Amino acid sequence: MAQHKLLTRARKEGTPLIDGNRATFVWQGEAAPQLLGDFNGWGYMAPPVNLQQEGRGVWAHTLKLDPAAYIEYAYFTDIGEGERVPDPFNKRHSSNGIGSHNHYFDMPASRHTTLFRPRRDVARGKVTQHLLSHSYLLAGAKRDVWLYRPPSVSTPNNDPVPLVVVYDGNDYLRRQNIHHIIDNLIAQGRIRPLALALLGNGKQARLIEYTCSETTLAWVVGDVLELAQQELNLLDLRQHPGAYGVLGASMGGLMALYTALRLPLVFGNVLSQSGAFTLEIMKQPALINTMVEHFVGEPLNIWMDCGMYEFLIAANREMYPLLKSKGHQVTYREYAGGHNIISWRDELPHAFESMFPLQG
């Protein structure tokens, strides 16, 4: 018996099969698992995909996608229990950051930054690791913080630099190589030199710590800023109010905006990636919306990016005009991707160029 043409292609090309702007998932077996991915918001925007039988033991489903899309996905035998099964025709996978791996693929026009790779001809900044303790502000009482000092050649006159506080700093450092991105952007003259304070998250306590938390904010402006100002040559906020920035993704993006709304004279620059502006209580507007509505102070400089294939896109599309209506300077960008580390990494050069230009 001749092999089904979809299986022939899957074994030769890998899956999904790409034909122009269409991606076809192929499964072989007596039954097919269900499919979740960026394209249906991992079940938050649309139900799991059921592959259709195309022949004996052959199942498939075709999606029409943006030609520049980068997509992550996974098969599940039981959505409720979260039991994943690998795609035997796709060996490409990426950590999802919460203990599992997603398969991924690129559409024909997808492009990724290479700035996360260290380059021999580029001066590197210095990253130091520190352990901060606080008995009541921190879950577990201790937290890792990494400080990034820009290359000395970028500040030959020892000029002070702005600081960017980074929520989920362990992911931005280890999985996105944000320090190499900053090194390369500085070397190419695309951004001004700057320093980073990368904050480890609270793991199981992360959701609580990043949901507009005053205790997190108290720790940041107390212990973290004190450490950064001792170890780094930073701009004096008395002379440059609002000169610092704050960055985060998802819940971290929510916390970044909240941080600046609460402390605009410290953090005048917000970099929010896929901000989780969705938490409502008893159908009342999210706290962050109330904060934006009643904000008093100098307008913030805000960067927002979000993937067109993710469940937070509606909330970000609603937040953008709300911020604009209150006088903030907002740059908003949508990319052909979902809620994942690779997409956020690819957006970082655009974000930093917009927020910290060389002549800024």
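**Notes on the cores and the sheet**

1. Start with the largest nonpolar core: among its 56 residues, Leu163 and Ile288 touch the most other members. A core here is a set of buried Ala, Val, Leu, Ile, Met, Phe, Trp, Tyr and Cys residues joined through side-chain atoms within 4.5 Å, with buried meaning under 20% relative accessible area (1.4 Å probe, protein chains only). Helix H6 (residues 251-262) gives the most to this core, 8 residues; helices (H or I, at least four residues) and strands (E, at least two) are DSSP runs numbered from the N terminus.

2. A caution: this is a predicted model, where local features need pLDDT of at least 70, side-chain atom pairs count only at pLDDT 80 or more, and totals for chains, interfaces and linings use all residues. Residues are numbered from 1 along each chain as its sequence is written, and side-chain values use heavy atoms, with hydrogens and water left out.

3. What does leucine 163 contact, beyond neighbours within four places in sequence? Its partners include Ala195, Leu225, Leu232 and Tyr244 (contact: heavy atoms within 4.5 Å). There's also a second, separate core of 29 residues, with Leu115 and Trp146 among them.

4. Now the open sheet: 8 strands, ordered S11-S12-S14-S13-S15-S16-S17-S18, with mixed pairing (strands pair if DSSP finds at least two bridges between them). S11 (126-133) and S18 (329-335) are the edge strands, each with a single partner strand, so one side of each lacks a neighbour in the sheet.

5. Strands S16 (residues 267-273) and S17 (residues 301-307) pair in the parallel sense over 5 bridges. Valine 270 sits opposite isoleucine 302 in S17.

Notes. Buried means under 20% relative accessible area, exposed over 50%, partly exposed in between (1.4 Å probe, protein chains only).
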